[in-house]
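Please read the points below with the model open beside you, and look up each place as it is named.

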Amino acid sequence: MTLLVWALGARPLEVLQTIVVGALGNPFNISQTVIITGILIMTALAAAIPFSARLWNVGGEGQMTVGAVAAAVLGIVLPATWSPWLLIPIVMIGSMVAGALYGAIPGWLKARFDASEIVTTLMLNFVALNLATWVIFEVFPEGFVQRTIAIHVNAELPRPMEGSLVDIGILIAIATAVIAWFLMKYTRLGFSIRAIGANNPASRLSGVRTERVTVQTFLLAGAIAGLAGSLIVQGRDHSLLQDFSGNLGFLGIGVALVARLHPLWIIASSLFFAILRVGSNSLQAGAGLSPVVGEIVIATFVVLLMVTRVIRFRYPESVDAH
Amino acid sequence: MLTEALVLAFFVIGIQLMVPIAMAALGEAVAEKSGVLNVGIEGMMLIGAFVTAYMGITRDSATLGIIAAVVAGIVFGALLAFLYVNRGTDQIVTGLMFNIFAVGLTGTLHSLYLAGQNGATLRGIDIPGIGSLPWIGEILGRQNLMLYLAIAMALAVWYLLNKTWYGLYARAAGERPIAAESGGLDVVRLRYPAVIVGSVFAALGGSVLVLSTSGGFVPGMTAGRGFIALGVVVLARWRPVWIMIFALGFGLTQGLQFLAAQVTALSAVPKQFWVALPYIVTVIAVVFAPGSTYPAAVGIPYRRGGS
Amino acid sequence: MNMTKPRCAPRWLLVVAVMAMFLAACGGGTAGTATTAGGGAGTSAPATETTAPSAGTTAPAADTTAPSTETTAAAAGTTEASGGEAYQVALIYPGTADDLSWSNAWFDGAEQAMEANPNITVESVELLNDPAAVLQQGSAFASEGFDLILIAHGAMVEPALTLAQQFPDVQICLAPYNPAEGEEWPANLCWVDVAQHNANFFAGALAAMVSESGHIASLNGFAFPALTRQPEAFNLGARCVNPDITFSQQYIETWTDTGIAKSAAQAEIAGGADVILSATDSAVFGIIEAAAEADGQVWAVPSYYESQSLDPDHVMTSAIHGLAFASNEIIQAGAAGEIEESAFIDFDATNDPEIDAPLYDNIRAMLSADELAQYEDIVDKVRSGEITIPDETTGDPTIGTEGSGGEIDPASIGCG
């Protein structure tokens, strides 16, 4: 990593300092880091839960997009006069339902037809992207630039700290992580997911209905990813923008892995990635590096963690066994 | 209005859009048959496109561009193989991270060296005897050398997988690695060349994109074609001929949007639908393609000694 | 299961090995130029030195909660830099500094401003399409004490508003944006609109004269008024010369996919078009290639930037949107303290002399004296205001609506 930074013509310590200051150096940057952390927690959970069942949901990006579309559409078409107590939860639930249904498509296809979820989720990312494009440009265009009109003020997530952009999304995200942890550890669904993940032949015997759990897992992951989209629209942007995602859906996969798929560790891991992501935006101003370098650093870092086996997966004992 | 010229153009376009996807998919088939799922082909295509444009612009040579793509495929393929095979990192995640890495790398290098320049390209070539045929001559006459390279690659993959000892052993490594090893095969050494071949093919797919369009590089120009290739491989059930057919199908479906734009009766359909259509069709096709499950050991890192 | 196997090598060795491979690969592609890469966007060399002091200056601001003025202590008092004091500008755009397109033009204008006024320094940031990243970049520069943040990306209205509120002492400008009637915005925020489509109007007039088939076409990125006005004005300009011209267009839903752009252009060529406007970004490469591969003479018209060099035999003209002029003007006005509160700065062909569709020699040679005179007459009339090209806020339909270029009566705007 150091060498990479050095090779691109900057001093590593300076880059490190720039990233940390850029992410945490003032209240504004901190607010950005906190907002991104909240979104990453969601997209990471949307990867971690299915990954625990060895279901490769690489469609978090698309499910998040559909959730964002739903949030924007509902936030625009529902009556503006509704109180925030009614409007905010309805829009959020709408996003979750949209994300869940979108996630259920690959889940059901996997369960019913054994269609590779890697392929279907990747393809559905593109479909979601075009759905968003359609809504942005044809259904609710802002009138001049590449975004929809703004959602109702009453549908916006509150920003409790005066003068700060931080909305309550981060609290929702942390709560979701805790619920996900509880669900994975103490409920029957969580047990089933882990049992499938361990590919334990006994799991079927002990009554785990693989097909059903597969669909449920994808519903759950899709709902959480959809909620990430709602955080972006209701919390951060207040409208649906072209290129709003910044690859946060894909990045969530890296976050989940660094946390070894553990819902609570995902909170810390998200914070770490958010610092890298937000901080690397200061590289240009601070160290004269293109901001894209931040992506290189993140990707290299995750791969290095895997290479050094800091992160690793449990795989079934033998693929020859069946 | 549908004219003959438009229908001919539709097929020219479909074949054109097929070639890069077909190349990447052929390479992916080899890698997957040996048991390695390389999701990093999207990034590999970008890198191949970049080095091709670099050579095309600085040396004004398409040939050097193709050679550079092959070299880049070998270098980065070896890197990926080291990660996938030697270090046993998770293949899906490594591949996705490699894609992000490649976007950043090519984007940075592009803005430093290549922005706003175009370079060497390849134009349509005449095959004696075909050029004079009605319709077919018209369509094929517009295709450049890379179409024929793709066909040659398909034949080579078919031969490699079905007619050589390597193909047989590699498939064993992809289906039952433990049995293969107890039978005296070296799974690691079988998978290495497969990943490298897959990467070289993907890089060549990237160089097609550049050589067919002005020779310039544009950040993100692969636009998800590597992911499409992943779908095509599954659809075609790892058979080279079917990879060509499904890649062509994808190209033609993508080409539909240009036909639709000229047929007034279809103007009510949102254009985004046409752009999304090939992906929707791929999902449906994956569902109904019989027996399209991955080789048993795909995606699972293999450690010597069985665990 | 994963047995914990004895490690064969220390982990750090592995890390070094992997990095070495990355490096070898980078070096291979770029012929050992890696050490110069600190330049990043090509202009940022001076930036490296500024980090240490400014990192310190951002820290004291940490006590602010209200949407206050304290946050920008570092920047305070510098907005009207003059008389030898440095005026620091951050320029943010979606492409690259030499992409022969939108971003290239903004970058050029910044360079011109720096030449004109040595007190001005400009940092540019490339390839930014993510609103969150624009916000973060902007705040990074604002915290470092920059005086003007110029965002050349129309989708970034929300980040620009947020930045203006968070850093009230920093001048924020965003282009392109055309505020609605009665819209209010912060005092330190300026909107900039360049009537880019005026250049497309010129290009359309020229295309109508050059086209042999009487059929011209346009390939467009995405449909929103700031973009839609470009193909529509192209059509309107063509109809100003030849009311019976056939015009067809497609939205290709991409800025960068050259393969898709080439295919779309081939379909248009098959449909009979022989002049094709590019109202998209780098994907124009594909359009030029399609023109070059076509059987007869087909012309491409790149937008934003002078692009004849890409292929002199197939580039008919370039719809030069005059963005460099706007960029230069805004930065110099900022340095001189001349940007008004809540400004809306509007450029069009009457006040931006760089908005143009140049007549290249090979095209000039193709046209008759009458046609040349007619073209120059149209250009003169637009510049003097005799022909008024509608903008996307006026008229019914406005020029920002799909199909308007075919509906607006050319005579009603002063043609003929």
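1. Asp60(B) sits in the loop that joins α2 (41-58) to α3 (62-86) of chain B, where helices (H or I, at least four residues) and strands (E, at least two) are DSSP runs, numbered from the N terminus. Its phi is near 55°, a positive value in a residue other than glycine. Asp60(B) counts as exposed because it has 12 C-beta neighbours inside 10 Å; a residue is called buried if 20 or more other C-beta atoms lie within 10 Å of its own, exposed if 12 or fewer, and partly exposed in between, with the C-beta atoms placed from the backbone.

2. Before going further, please keep in mind that this is a predicted model, in which local features need pLDDT of at least 70 and side-chain atom pairs count only at pLDDT 80 or more, while totals for chains, interfaces and linings use all residues. Residues are numbered from 1 along each chain as its sequence is written, and chains are lettered from A and ligands numbered from 1 in the order in which they are written.

3. Ala223(B) also has a positive phi, of about 50°, although it is not a glycine. This residue belongs to the loop between α9 (187-211) and α10 of chain B. Is Ala223(B) buried or exposed? With 21 C-beta neighbours inside 10 Å, Ala223(B) counts as buried.

4. Where chains A and B touch, the contact takes 44 residues from chain B and 41 residues from chain A; two residues are in contact if their C-beta atoms, placed from the backbone, lie within 7 Å. On the side of chain B that touches chain A, the elements giving two or more residues are α4 (91-113), α8 (177-182), α10 (225-235) and α12 (271-288) of chain B, and the largest share, 13 residues, comes from α4(B). By class, that side has 28 nonpolar, 13 polar and three charged residues, where Ala, Val, Leu, Ile, Met, Phe, Trp, Tyr, Cys and Pro count as nonpolar, Asp, Glu, Lys and Arg as charged, and the others, Gly among them, as polar.

5. The secondary structure of chain A comes to 14 helices and zero strands, and 66% of its 322 residues count as buried. Helix α12 (residues 263-280) of chain A has 18 residues and reaches 25 Å from its first C-alpha to its last, close to the 26 Å expected at 1.5 Å a residue, the expected span being 1.5 Å times one less than the number of residues. Of the 18 residues of α12(A), 14 are buried, so this helix is largely enclosed by the rest of the structure.

6. The axes are lines fitted to C-alpha atoms, for helices over the stretch in contact, and the angles run from 0 to 180 degrees between N-to-C directions. Phe28(A), Asn29(A), Gln32(A) and Ile36(A) of α3(A) make the contact with Ala132(C), Leu135(C), Gln136(C) and Ser139(C) of α4(C), and these residues divide into four nonpolar, four polar and no charged.

7. Within chain C, the axes of helix α8 (residues 258-270) and helix α9 (residues 284-293) come within 7 Å and cross at roughly 40°, which makes α8(C) oblique to α9(C). The residues of their contact divide into eight nonpolar, four polar and two charged.

8. Ile331(C) has its place in helix α10 (residues 323-335) of chain C and counts as buried, with 29 C-beta neighbours inside 10 Å. Leaving aside residues up to four places away in sequence, Ile331(C) touches Val89(C), Ala110(C), Ala113(C), Ile120(C), Val122(C), Leu148(C) and Leu150(C).

9. Finally, please check the peptide bond from Ala175(C) to Pro176(C), which is cis, with omega near -5°. Pro176(C) is found in the loop between β4 (171-175) and β5 (189-194) of chain C.

How values were computed
Angles under 35 degrees count as roughly parallel, over 145 as roughly antiparallel, 65 to 115 as roughly perpendicular and the rest as oblique.
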